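Have the sequence and the model side by side as you read.

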Amino acid sequence: MRKIPHLIYSREKVMTAHQPRLFIPGPTEVFPEVLAQYSRPVISHRGPEIGEITRDVFDKLRILFRTEHECYVALSAATGLMEGAVRNLVKKRLLSTVCGAFSARQHTVANKCGIPVDALEVPFGKHIEPAEIDKALSTGKYDVVTVVHSETSTGTLNPIAEIGAVVKKYDDVLFVVDCVSSLGGAQLEVDAWGIDLAFAGTQKCIALSPGLTVFAVSPRAMERCASIENRGHYFDFLNYRKMAKRGQCPATTGISLLYGLQFQLGRIATETMEARWQRHLDMAKLVRGHLNERFRMFPEPEFATPTETVYYGDGLGIAALISAVQERGMLFGNGYGPMKGENFRIGHMGDLQVSHLEHFLAVFDEELAKLK
């Protein structure tokens, strides 16, 4: 049997001198040493060699999620876990909080799955109030509540710790958190904040290619899952548990993507979660300190995510500016959905550094001056 070597990480070599091109809020830049992992030889997804890699990944995911819960990897976009969440966990009725395009997608997914669901909606750019969730849960109608931590379409960071404290008051209610654009970039404490299911794609703050979703599931959620008959097949959490005991993932594992995930989780552990969170805050501070006097932030400033910054365009030719900056080799984002052409979005997530944002902002300023 060919031994898969353990990866060794040097704190001094966590980052590379690579010059990033992507300053969109995902997918984010994947650095060359990470991309190189995808070229390793493919092995059997059911052979003895895969177990060492898979178990190492599951262990390192507990560091990322700050949890002792079971952690797994799905070969899918995070939208798949939106479906998995409602099919595995809702027995009675879902309370779906909506504050942007991606939280609205969760509500749509529940409807398409035939799950009884009500939306608790706020205007795009506003945060979800814990008191409103408390009011809704006090009716006794719901057994699951879903919240997006960092709403990528608006740049809003919801107060998950405070919401979790509210949900803990209701013993039969499970707390599901979409942390797609926050995991690995904004503080997230699955165990301390009472989260029963947290999930994220790997293409944003984890700084990998798209294609995998990682998730953490509490014992309460697993118990609920076992009581639901029609929970589907592909995202059946009990099947993930069964296969994990063999050191495997259900269905065909994305071996090359798993190599990258194992390598990147090692780099993240070397950096430490606290340092990674602080680096994202530093990048957000730099961008906002540079642009806040010229542009209005779209989200409430006190609830702005550290992983991206969203501004009103206020008459700016957004498409023209994006095109001009792209000609210089860098890309930032237009507004999402109905906000396209009205807002612009700057992603500062993943393995980006403050120095990268300094270079980007210098180019941004130069091209903005040409358009005036």
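Arg296 sits over the face of Tyr312, 4.0 Å from the ring centre, and Arg40 lies over the face of Tyr259, also at 4.0 Å from the ring centre. A charge counts as over a ring if NZ of Lys or CZ of Arg is within 6 Å of the ring centre and within 35 degrees of the ring normal. This is a predicted model, where local features need pLDDT of at least 70, side-chain atom pairs count only at pLDDT 80 or more, and totals for chains, interfaces and linings use all residues. Residues are numbered from 1 along each chain as its sequence is written, and side-chain values use heavy atoms, with hydrogens and water left out.

Two of them are set out below.

| Pair | Centre distance | Plane angle | Class |
|---|---|---|---|
| Tyr234 and Phe235 | 4.8 Å | 75 degrees | edge-to-face |
| Phe332 and Phe344 | 5.9 Å | 80 degrees | edge-to-face |

Phe332 in strand β12 (residues 331-334) and Phe344 in strand β13 (residues 343-347) are twelve residues apart, and their pair links distant parts of the chain. Helices (H or I, at least four residues) and strands (E, at least two) are DSSP runs, numbered from the N terminus.

How accessible are these rings? Phe344 is buried at 0% relative accessible area, Phe332 is buried at 2% and Phe235 is buried at 13%, while Tyr234 is partly exposed at 35%. Buried means under 20%, exposed over 50% and partly exposed in between, with a 1.4 Å probe and protein chains only. Phe332 and Phe344 also belong to a cluster linked by ring pairs, together with Phe23, Phe295, Tyr311, Phe360 and Phe364.

Now to helix α6 (residues 160-167), where Ile160, Ile163, Gly164, Val166 and Val167 are buried. They cover an arc of only 155 degrees around the axis (taken from the directions from the helix axis to the C-beta atoms), so they lie on the same side of α6. The buried residues of α6 pack against α5 (130-137), β5 (144-148) and β8 (174-178), with contact meaning heavy atoms within 4.5 Å.

How values were computed: Phe/Tyr/Trp six-rings, centres within 6.5 Å; stacked < 30°, edge-to-face > 60°.
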